[in-house]
Amino acid sequence: MGPFSGRKPKKGSAVTEEKKASKIVCENISKTFIQKGKQQVHVLEDIQLEVRSNELLVILGPGQSGKSTLLRIIAGLETPSEGRVLLDGKPVKGPGKDRGLVFQSYMLFFWRTVMGNVEMGPKLNGVDKRERRRIAQHYIDLVGLNGFEKHYPHQLSGGMKQRVGIARAYANNPEVMLLDEPFGQLDAQTRMFMEKETERIWQAEKRTVLFVTNNIDEAIFLADRIAAMDGKLPGRMTRVYDVPLPRPREHTDMEFLELRQKITDASQLVL
């Protein structure tokens with residue numbers, strides 16, 4: 001059976017042995033928001049997904065498909081209306097240090113330096129100054145910002161700001177990294193560079209990564225597997241694609257182009 005069989009487990013059923021071995025399991029996730037005037041907006045419908053330990057899984061879908069809401073539910077920032085999320089077999093009840101989140105907007109402390117931003121998590125967790133500086137320096141070096149420790153966010157380019165955000169998330173030593181369209185505000189050349197950097201950092205750290213995007217090329221370049229979502233609300237998981245291409249990947253390789261065409265033909269996305 002393939003990575004996405006289309007079968008739906010019964011609600012309330014026991015977790016299977018396969019799911020116990022998974023890092024993250026989404027079981028029958030649905031989400032409805034209540035807007036002003038008590039109007040209901042059905043955002044997600046019966047999402048089922050398993051994420052394997054140390055894999056880089058991309059959630060791919062157009063705008064207004066619910067993919068960011070799904071990521072926020074996995075992060076514990078939103079509560080599903082139905083279903084549940086399991087992390088290492090335990091239900092997610094809220095945010096936790098085991099998950100690091102990187103947003104599309106930079107979300108940096110503008111009054112703190114690069115070092116001050118990256119060391120913030122360990123500082124809040126009570127790590128002494130010498131050790132948190134060591135941790136922060138390790139991740140500053142990892143994301144290629146050595147020499148910029150004393151710079152403030154307004155002195156950095158967009159790509160550099162996002163690297164600070166990635167380093168800050170890693171400095172908390174999460175088991176899972178959640179990236180919500182982190183390069184959407186970048187120009188095309190910087191975005192491609194940051195995609196390569198994301199793969200390099202993931203190869204070096206080997207943590208479980210969920211990456212949300214609406215860009216097919218970005219998804220194929222990064223992913224071990226791609227979970228595609230429908231192009232209208234409520235968002236539904238339509239298919240999971242294996243991406244068995246060797247790394248590093250080239251956008252002009254025939255297998256890359258064939259998979260891109262296959263996903264394009266089945267979706268409402270742009271390249």
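Here are some notes on this predicted model, point by point.

1. Ground rules. Numbering starts from 1 along each chain as its sequence is written, and side-chain values use heavy atoms, with hydrogens and water left out. Since this is a predicted model, local features need pLDDT of at least 70 and side-chain atom pairs count only at pLDDT 80 or more, while totals for chains, interfaces and linings use all residues.

2. Confidence. Strand β3 (residues 56-60) has the highest confidence at 97, and helix α1 (residues 17-20) the lowest, at a mean of 42. Helices (H or I, at least four residues) and strands (E, at least two) are DSSP runs, numbered from the N terminus.

3. Over residues 1-20 pLDDT stays under 50, yet the model has 25 contacts for them beyond four places in sequence; contact means heavy atoms within 4.5 Å. Where pLDDT is low, the predicted coordinates should not be read in detail.

4. The open sheet. Four strands make an open sheet in the order β2-β1-β4-β5, with antiparallel pairing. The edges are β2 (40-51) and β5 (90-91), each with a single partner strand, so one side of each has no neighbour in the sheet. Inside it, strand β1 (residues 24-34) pairs with strand β4 (residues 82-87) over five bridges, in the antiparallel sense; for DSSP, at least two bridges between strands make a pair.

5. Strand β3. Where is β3 placed, and what covers its faces? Five of its five residues are buried, so β3 is largely enclosed by the rest of the structure. Buried means under 20% relative accessible area, exposed over 50%, and partly exposed in between (1.4 Å probe, protein chains only). One side carries Leu 56, Val 58 and Leu 60, the other Leu 57 and Ile 59, and all are buried.

6. Partners of β3. β3 pairs in the parallel sense with strand β8 (residues 208-213) over five bridges, and Leu 56 stands opposite Val 209 there. Strand β9 (residues 225-229) also runs parallel to β3, joined by four bridges, with Arg 225 in β9 as the bridge partner of Leu 57.

7. Arg 99. This residue is in strand β6 (residues 99-102) and counts as buried at 13% relative accessibility. A polar atom of the Arg 99 side chain lies 3.2 Å from the backbone oxygen of Ile 74. Beyond four places in sequence, the contacts of Arg 99 include Leu 87, Val 92, Pro 174, Val 176 and Leu 178.

8. Aromatics. The whole structure has four aromatic pairs. Rings of Phe, Tyr and Trp (its six-membered ring) pair if their centres lie within 6.5 Å; planes under 30 degrees apart count as stacked, over 60 as edge-to-face and the rest as tilted. Phe 109, Phe 110 and Trp 111 form one cluster. Phe 110 and Trp 111 are both exposed, whereas Phe 109 is partly exposed at 27% relative accessibility.

9. Charges over rings. The charged end of Lys 206 sits over the ring of Trp 202, 3.7 Å from its centre, and that of Lys 31 over the ring of Phe 33, at 4.9 Å. The test is NZ of Lys or CZ of Arg within 6 Å of the ring centre and within 35 degrees of the ring normal.

Note on methods:
A polar contact is a pair of N or O atoms within 3.5 Å; within protein, one must be able to donate a hydrogen and the other to accept it, and residues adjacent in sequence count only if both atoms are side-chain atoms. pLDDT is the predictor's confidence in each residue, from 0 to 100.
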